Amino acid sequence: MNEKSALDSVSTSSKGHDSASEIDLLSFHEQRAGRLIIDPECACLSAPVFLTDSDVLPITISREAKIELGEEVASRLKLSADGTKVLWPQPTDSDLDPQNWSDRRKNILLLIITLAAIVPDFDSGIGIACIFALAKQFNTTPDVVNNISQNWSIFLIGWGGIFAVMLVRRVGRLPVLFWSQVLGLAFCIGCTFAPNLKTFAAMRCLNGFFATAPQATGLYCVTDLYPFHLQARKLNIWTMGFLVSPFLAAFAFGMLVSVSSWRWSYGIGSIYSAIVVLLIIFFMEETMYDRTVKPIPVPTTSGLRKRFEDLVGITGLKMQKYRISWHDSIMSPLRLVWRPHLLMALIFEAMLFGFSIGINVTNVVFLGTPLPFGYGFDQLSIGASYATPIVGVLLGEIIGRYTNDFIMNVSIRRNNGVFEAESRLWACYIAIPLYICGFVTLGAALERHLSVGALIMGWGIAEFAVMINTVAIYAYCNDAFPKHQGEISALINIARTLGGFSVAYFQIPWALKHGAIQTFGCEAAIVAGLFLLFVPLLQWKGTSLRAKYSLH
């Protein structure tokens, strides 16, 4: 159903038909992709506000809600505790609904999924810190280590997310998360004890493929747990996890490898993965709730048995009869990827994030190579320099949290209480000038051997911009395809890895031949060009593109 026909249908229902029979509030947010009534102010219709199980206060619902939903349905909308936001998805009255869980319970689950999302890029970042030690151990060069293990492990991180989402739609979030992290842990241990470079490369690639699941399924968990108006804020936290993770590894282990064997670095990475697996076993819960199934299925077991069945996937196998077919689950990413408004966002994000991956992978070479090409840093100094992007990402999380909320609230006020997905993209206008500034400054610092301060400023500003822009793209795509959060997350994940895995092949030779200013300046120019080509167009035509091409 496109936007016009949906509006016509709702308008008709408000003129006298039985609205309740035509509008299902539990799935309405999925049918109205990218356009939701959020602000309940402005008018005169009473609706319940849910504060606790027993406290209900009257509140007014806007004329927009009455026009689009009809008075009877609008009067049943559930609102946030302060009465300022309509809740989407609309919570059921069941304690099994994750939307009804306590803030403490939700935040624990968000913390676990964020810690799990750190694992794949954290393990990948260990290789960056150990690149010179690995080259010495296996009697080869850092470039060979990069090309054989680092780049291909990044490449497979993207594809692993696609396969994880296919399973999640059928068997649930928890078992896919659990088994992926168990396998990721096994292959990380394999990296620790690898006897030769081929075995090491194989273990790294398999670790990247399996451990990446939470980077694709985390978006599902955020939208399972939190209502629409809080999702961008929580996405900021989850996104920060996998953005900062490779820098954390390079920072910590860059200093460790200067005084100890590189195997200790992978050993500690394995310990971290084991801690994540234990947190999943003891505290993580299944957040998939089949709210659109009539009647909503309820668990047939309880206690420890239910916990075990949820964790290993037995519950998911039982629930498959209520969910989409294997064919639809496998084909869903392919049905989604060609949608014009999504494809434009993916291409833009692939280049923006991809070039930042290139910086992360190749800066260790720039910094460690002796003069006149590099800075000639020792291993300890290289590790310490990776504190720069960590600070940039953390600042991006803090600023992005308030920026996204501000943009959302302004957009809702300007649209008479209705949120349009394209407003998320205003954050890109903040990110891109900073991205250009950061890349050009970094290129100038590397080519002309400017002070370390210039290097730090350029790198930090670039990563700050990446954080702001990536959250905006995740939030926009999630809003535009609310029924396909997993596929969206997996496609953005593969876009950024496809955009970044090959950068290390050409970035250093390009800089050697033509200078780092040209290299990083051209990369910034490509991203700026894609921004000018796609973002204004999406804001101009996004509504019509969503009405015509979004899957409901």
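**Entry 1: Aromatic rings**

I started with rings and found that Phe138, Phe200, Trp262 and Tyr266 form one aromatic cluster. Before going on, I noted that this is a predicted model, where local features need pLDDT of at least 70, side-chain atom pairs count only at pLDDT 80 or more, and totals for chains, interfaces and linings use all residues. Residues are numbered from 1 along each chain as its sequence is written, and side-chain values use heavy atoms, with hydrogens and water left out.

How many aromatic pairs does the structure hold? I found 27 of them. My rule for a pair was that rings of Phe, Tyr and Trp (its six-membered ring) have centres within 6.5 Å; planes under 30 degrees apart are stacked, over 60 edge-to-face, and the rest tilted. I then looked at Trp238 and Phe242, whose ring centres are 5.2 Å apart and whose planes stand at 80 degrees, so this pair is edge-to-face.

Both residues sit in helix H12 (residues 228–256), four residues apart, which means about one helical turn between them. A handy reminder for myself: an α-helix has 3.6 residues a turn, so residues three or four places apart point the same way.

Are Trp238 and Phe242 buried or exposed? Trp238 is buried at 0% relative accessibility, and Phe242 is buried too, at 1%. Here buried means under 20% relative accessible area, exposed means over 50%, and partly exposed is in between (1.4 Å probe, protein chains only).

**Entry 2: Charges over rings**

Next I looked for charges over ring faces, where NZ of Lys or CZ of Arg must be within 6 Å of the ring centre and within 35 degrees of the ring normal. Arg105 lies over the face of Trp101, 3.8 Å from the ring centre. Trp101 is in the loop between helix H5 (71–74) and H6, and it is buried, at 9% relative accessible area. Trp101 and Tyr226 are 125 residues apart in sequence, but 9.5 Å apart in space, C-alpha to C-alpha.

Arg173 lies over the face of Tyr220, at 4.0 Å from the ring centre. I placed Arg173 in helix H9 and saw that it counts as buried, with 8% relative accessibility. Which residues does Arg173 contact, leaving aside neighbours within four places in sequence? The list includes Val168, Tyr220, Asp224 and Glu286, with contact meaning heavy atoms within 4.5 Å.

**Entry 3: The cores**

I moved on to nonpolar cores (sets of buried Ala, Val, Leu, Ile, Met, Phe, Trp, Tyr and Cys residues joined through side-chain atoms within 4.5 Å). The largest has 135 residues, and Phe200, Trp238, Ile280 and Phe348 have the most contacts inside it. Helix H21 (residues 452–480) gives the most to this core, with 17 residues. A second, separate core has 12 residues, including Phe28, Leu77, Met408 and Phe419.

I also followed Phe348: beyond its neighbours within four places in sequence, it contacts residues including Cys428, Ile473, Leu530 and Phe534.

**Entry 4: Cysteines**

**Entry 5: Helix H13**

I checked the length of helix H13 (residues 262–283). Its 22 residues should span 32 Å, and its end C-alpha atoms are 32 Å apart, which agrees. The expected span is 1.5 Å times one less than the number of residues. Its buried residues include Trp262, Tyr266, Gly269 and Ile280. Among the elements that cover the buried residues of H13 are helix H6 (103–129), helix H10 (197–211) and H12.

**Entry 6: The whole chain**

To finish, I stepped back to the chain, which has 24 helices and four strands. Of its 552 residues, 60% count as buried. For contacts with a separation of 6 or more, 79% come from residues 24 or more positions apart.

How values were computed: Helix = DSSP H or I, 4+ residues; strand = E, 2+ residues; numbered from the N terminus.
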